[in-house]
Structure formats: C-alpha cells, structure tokens
Amino acid sequence: MMAPTTDNAGYTGDQGTARSSLEALRTEIAKAVVGQDPAVTGLVVALLCRGHVLLEGVPGVAKTLLVRALASALELDTKRVQFTPDLMPSDITGSLVYDSRTAEFSFQPGPVFTNLLLADEINRTPPKTQSSLLEAMEERQVTVDGTPRPLPEPFLVAATQNPVEYEGTYPLPEAQLDRFLLKLTIPLPSRQDEINVLSRHAEGFNPRDLRAAGVRPVAGPGDLEAARAAVAKTTVSPEITGYVVDICRATRESPSLTLGVSPRGATALQATARAWAWLTGRDYVIPDDVKALALPTLRHRIQLRPEAEMEGVTADSVINAILAHVPVPR
C-alpha cells in the first residue's frame, strides 16, 4: 500500500480511507443540494480522472450551488466567471499590468488560477473567449506574453449551459466539446425534492452561506491524490478494452449520426469506468462500469443527422441502442 500523505488541511491521503472520504462527499453536499446524487458522483469521477465537466440544465436547478458545495466539502478554492458576449480572453486567463512605480509589467492572474472554475453559461461568449480555456483545460497552464504559467492542482472546469435558450449563444465547437470528460444533465427535481428545497428555504437556508448550512470539509487534496493512485492501479482486462472500443466504433457506423466517438472518447470511457469501478469498491472493471458511464462520457462526442433529430432521435437514445446491441464480454 502507498504510504499515507497529508495535505495542508491535515487530511490523510491513505488509499484505504480515501474512498470513504470521497463517499462522504455525497452526504455533505446533500446538506446544501437536494436530489443531485448522479451529478455529485460525476464531478467526483471527473476529479479522479483529471477531467472537466459540462453541466447542462435550465436556470435554477442549483448548478452553481453544486460546484460551490463540492469545493467547500473538499476545501478547494473555487471561482465563478459569468460568460457574456463582451468577455475577453484576458478576463479569464489574466494579463500583464504596467506598474508605474517600478516601470515594469507584472502578471495579474485571472480567475482560471483556482481549483474549481465555474464557467457559467459558457456558450454565451464568442468562440475567441471560449478558446482561451482550451489550453488551460488540456495543458493545465496559461501562456501570457510567451510565458507558460502552471495552474493549481487539482484543477477542474465545470462549465454550464442552458439547453432551451439559444438566442444570443455561440454553440461550442466539436473540438472544445471533446475536451470535456463528462456532460452531466441536471434535471428538474422531483415533487418531493422540490418540497424539501422550499422547506429548507422556509427554515432560513441561505445558499450563499454553506457553513451555516452545515457543509464541512470531509476530504482534501491528499485524499484525491491517494484515490487517483488507486484508480491508476484498477485492472482493465483485454476483453473490457475491446468492449469499450466496440461501443465507440459502433457510433461511427450508426446511420443516425454524422459524427461518432473519437479515440479520445474511447480513452475517456475507459478512464471513467475505472474511476467508477474503484468508487464502487472494486480494483477491476466490469461491463456494468462501462455501461454506467457511457452516457455522460459519450453523449457530447457524437453528432446527430438533421433527419434523425426531426424524428425525435437523441444522443442518449442512440447510445442506449448501441449498448443494447454490442456483445457484452463474459
């Protein structure tokens, strides 16, 4: 077993306790966010895989609160950027500022220099500003005036977009969508969950004061590092690797699609399945792990034909049909 590590908050990074610490996140975040367990799990999987997440849901379903609660429970730094049509790349990455006292330029870091960056309504800003995130997401650094500047670790971009309002938006290009490890849909709450939300607010719940809501750090960067080391040792058999490849290749042959999953998408599916297997208590991947992560990992990496969309076909329905037909290894 790897020797325990301790981060600045005093959390033990022992692999034996890392899983229980990350599992406790769900209970802790539930003190602030009602009924979004799948999204919480998806964010944890993304952190384990060093990936990024696209959150899609109508306004008012607690996307921002979810990210803030996760950061609080992990005691990570978080910043929020509201993407607007006039946002400039330097508003995200930072810029050189002239200091008249020293007659020199100094670098002022932008909000991207954080652990969890909430890119709110990312599709409301032009492609030039959207692309300023690409280097940060892929290389985990920002280059300003020719100088690369590393970002903190861990680093995760959680970008949100509204699925029903397209006026004044700039759809994310396929190359940028492919940089997101997962696309998580945030549904409207059930009737009982909505009653619970209103009851909490009636009792004085303040979404801007998570400490008062009882959200406390239950894990830290040391636990994340230990968990990542354990996930890296999770076994993937040749049969499972073949299963992942067969699923992704089937998307490229689907008559409903103009664009199938790339090899990067296949790599992402294998990675998320490994993280899910470890979270559920196994050190090896089974077909059910692949099936469990197929939708959030692949749904944004495929493109429907216009005629299929007109017939009511969705990305999720195509993936589910493929999962039903691709032979499962025994």
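Me: Which residues in α9 are buried?

Reply: Gly222, Asp223, Leu224, Ala226, Ala227, Arg228, Ala229, Ala230 and Val231 are the buried ones in α9. Buried means under 20% relative accessible area, exposed means over 50%, and partly exposed is in between, with a 1.4 Å probe and protein chains only. That makes nine of the 12 residues, so α9 is mostly covered. Helices are DSSP runs of H or I with at least four residues, strands are runs of E with at least two, and both are numbered from the N terminus.

Me: Before we go on, what kind of model is this?

Reply: It's a predicted model, where local features need pLDDT of at least 70 and side-chain atom pairs count only at pLDDT 80 or more, while totals for chains, interfaces and linings use all residues. Residues are numbered from 1 along each chain as its sequence is written, and side-chain values use heavy atoms, with hydrogens and water left out.

Me: How do you know that the span of α9 agrees with what a helix should give?

Reply: The expected span is 1.5 Å times one less than the number of residues. For the 12 residues of α9 (221-232) that gives 16 Å, and the end C-alpha atoms are 16 Å apart, so the two agree.

Me: And what does α11 reach from its first C-alpha to its last?

Reply: α11 (residues 263-279) has 17 residues and reaches 25 Å, close to the expected 24 Å. Its buried residues include Leu269, Thr272, Trp278 and Leu279. Just after α11, Gly281 takes a positive phi of about 100 degrees.

Me: Which non-glycine residues have a positive phi?

Reply: Glu75 is one of them, at about 50 degrees, and it lies in the loop between α3 (63-74) and β2 (78-82). Arg140 is another, at about 55 degrees, in the loop between α6 (132-139) and β6 (141-144).

Me: Why is Gln130 called buried?

Reply: Its relative accessible area is 0%, so Gln130 clears the buried cut-off. Gln130 is found in helix α5 (residues 127-130). It touches, among others, Ile122, Asn123, Tyr170 and Gln176, not counting residues up to four places away in sequence; contact means heavy atoms within 4.5 Å.

Me: What makes the pair of Gln130 and Thr125 a polar contact?

Reply: A polar contact is a pair of N or O atoms within 3.5 Å; within protein, one must be able to donate a hydrogen and the other to accept it, and residues adjacent in sequence count only if both atoms are side-chain atoms. The backbone oxygen of Thr125 lies 2.9 Å from a polar atom of the Gln130 side chain, so the distance is inside the limit.

Me: Which charged residue lies over the face of Phe107?

Reply: Arg149 does, at 4.1 Å from the ring centre. The rule wants NZ of Lys or CZ of Arg within 6 Å of the ring centre and within 35 degrees of the ring normal. Arg19 likewise has its charged end over the ring of Trp278, 4.6 Å from the centre.

Me: What makes the peptide bond from Glu153 to Pro154 cis?

Reply: Its omega is near 0 degrees. Pro154 is found in the loop between β7 (147-150) and β8 (156-161).
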